[in-house]
Amino acid sequence: MRKLKYLIESFLFILIIFGVVSAETFTISSNTTVIGTVRYHNVNKGESLIEIARHYNLGYNEIVAANPDLDPFIPPENSRIVIPTQWILPEKPANFQGIVINLSEMRLYYFYKSSQLVTFPIGIGDDGLETPVGKFKISHKIVNPPWYVPESIRKERPELPAVVPPGPENPLGSHAMRLSGLSYLIHGTNRPWAIGRKVTHGCIRLYPEDIPKLYEIVPVGTEVIITRQPVKVGKIGEEIFVEVHMDDQLENFDYLQNAMELLGKKGYLKYIDTFKLYNVIKRKSGIPTSVTTKEKEPTIIPSDIWL
């Protein structure tokens with residue numbers, strides 16, 4: 001009976017992911033700072049933003065931030081929604097090859113083969129159980145990992161066994177990669193709705209269809225940088241873009257000041273319309289937005305405007 005249940009769930013899983021857009025591999029250069037393009041989607045009958053997000057390989061947080069006026073569970077049929085499949089690359093060391101995880105946007109970037117990049121949405125640690133920032137390495141990898149339930153979780157859920165074997169009940173999914181010096185993993189999930197949310201005990205989750213691809217191309221020893229970058233700055237041609245994500249973990253964080261510092265570091269300040277910048281920061285849509293001025297001199301934000 002259990003085997004039959006597993007086969008049925010596997011079949012349903014295949015049906016669910018059949019229409020999912022595969023993660024795109026980008027070819028980049030040392031001058032690339034923005035990848036992808038913004039798309040649009042007309043809501044079909046019965047669709048939720050959760051399903052649409054997964055179809056386009058986005059996290060729940062990304063699609064909700066890009067469409068703040070819509071009910072994420074019952075969006076109006078035929079409404080046109082923004083699909084935020086464009087990203088400014090996170091700050092990283094020059095010529096870095098490895099994984100960068102930006103907790104502020106709940107997204108993983110893997111830079112490899114000097115000019116290749118793939119990016120995935122992720123689920124991260126809940127409040128009080130935050131995924132740690134820092135520099136790590138992939139220490140080892142495992143297919144069909146058993147879940148050795150931590151004592152802290154068994155205290156919360158005493159009905160759990162000491163070990164959950166591989167299968168549909170295992171929250172680690174089909175593949176896992178351990179971070180050096182930590183008990184945390186980058187792994188799959190049996191709860192796809194958790195991607196783009198703060199729901200884990202510190203581990204990093206990927207969609208079931210994403211983790212096998214990442215697992216295949218990431219070797220043991222790969223460097224991993226986990227960071228918080230709520231504000232990112234990039235450039236396409238002569239247009240300067242800013243991308244802002246709301247990060248509840250950063251109390252009293254000055255998004256405007258952070259943006260000005262990043263723009264100044266790159267020498268972009270004299271090309272910025274600060275009213276545009278203010279609006280981008282106020283919205284925090286997670287979408288790269290042009291803040292380039294059309295004037296010879298930059299405008300100034302009045303002192304009576306508060307963020």
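Let's start with Lys232 and Glu105: both of them are buried, where buried means under 20% relative accessible area, exposed means over 50%, and partly exposed is in between (1.4 Å probe, protein chains only). Their side chains meet in a salt bridge, 2.7 Å from N to O. By salt bridge I mean a side-chain nitrogen of Lys or Arg within 4 Å of a carboxyl oxygen of Asp or Glu. Lys232 sits in strand β18 (residues 231-236) and Glu105 in the loop between β6 (98-102) and β7 (107-112), so this pair ties together parts that are 127 residues apart in sequence.

Quick word on what you're looking at. This is a predicted model, so local features need pLDDT of at least 70 and side-chain atom pairs count only at pLDDT 80 or more, while totals for chains, interfaces and linings use all residues. Residues are numbered from 1 along each chain as its sequence is written, and side-chain values use heavy atoms, with hydrogens and water left out.

Okay, the overall picture. The protein chain has 7 helices and 20 strands; helices (H or I, at least four residues) and strands (E, at least two) are DSSP runs, numbered from the N terminus. Of the 307 residues in the chain, 47% are buried. If you take the contacts with a separation of 6 or more, 66% of them are between residues 24 or more positions apart, and contact here means heavy atoms within 4.5 Å.

Back to the charges. Side chains of opposite charge can pair when their charged atoms come close. How many salt bridges does the structure hold? There are 8. One of them joins the side chains of Glu209 and Arg54, at 2.8 Å from N to O. Those two come from distant parts of the chain, 155 residues apart: Glu209 is in the loop between β16 (204-205) and α5 (211-217), and Arg54 is in helix α2 (residues 49-55). Are they buried or exposed? Glu209 counts as buried at 18% relative accessibility, and Arg54 is buried too, at 11%.

Then there's Lys198 with Asp127, where the closest N and O atoms are 2.8 Å apart. Lys198 is in strand β15 (residues 198-200), and Asp127 is in the loop between β9 (124-125) and β10 (134-143), so here the parts tied together are 71 residues apart in sequence. Lys198 is partly exposed at 23% relative accessibility, and Asp127 is partly exposed at 48%. And remember our opening pair: shared partners join Glu105, Lys232 and Glu243 into one network of salt bridges.

Next, a loop we've already met. Met106 is in the loop between β6 and β7, and its phi is near 55°, a positive value in a residue other than glycine. Most residues other than glycine have a negative phi. Met106 counts as buried, at 11% relative accessibility. Asn144 also has a positive phi, near 50°; it's found in the loop between β10 and β11, and at 45% relative accessibility Asn144 counts as partly exposed.

The largest pocket has a volume of about 820 Å³. The search runs on a 1 Å grid over the protein atoms alone: a cavity is a set of points where a 1.4 Å probe fits but cannot get out, a pocket is an open set with protein on both sides within 12 Å along at least five of seven lines, and lining residues have an atom within 4 Å of a point. Grid points are joined across faces, edges and corners, and a volume is the space filled by probe spheres set on the points.

Last stop, helix α7 (residues 274-283). Here Thr274, Leu277, Tyr278, Val280 and Ile281 are buried. They cover an arc of only 165° around the axis, which puts them on the same side of α7; the arc is that of the directions from the helix axis to the C-beta atoms. What covers these buried residues includes β19 (239-244), α6 (255-265) and β20 (289-290). On the face turned away from the buried side, α7 carries the exposed residues Lys282 and Arg283.
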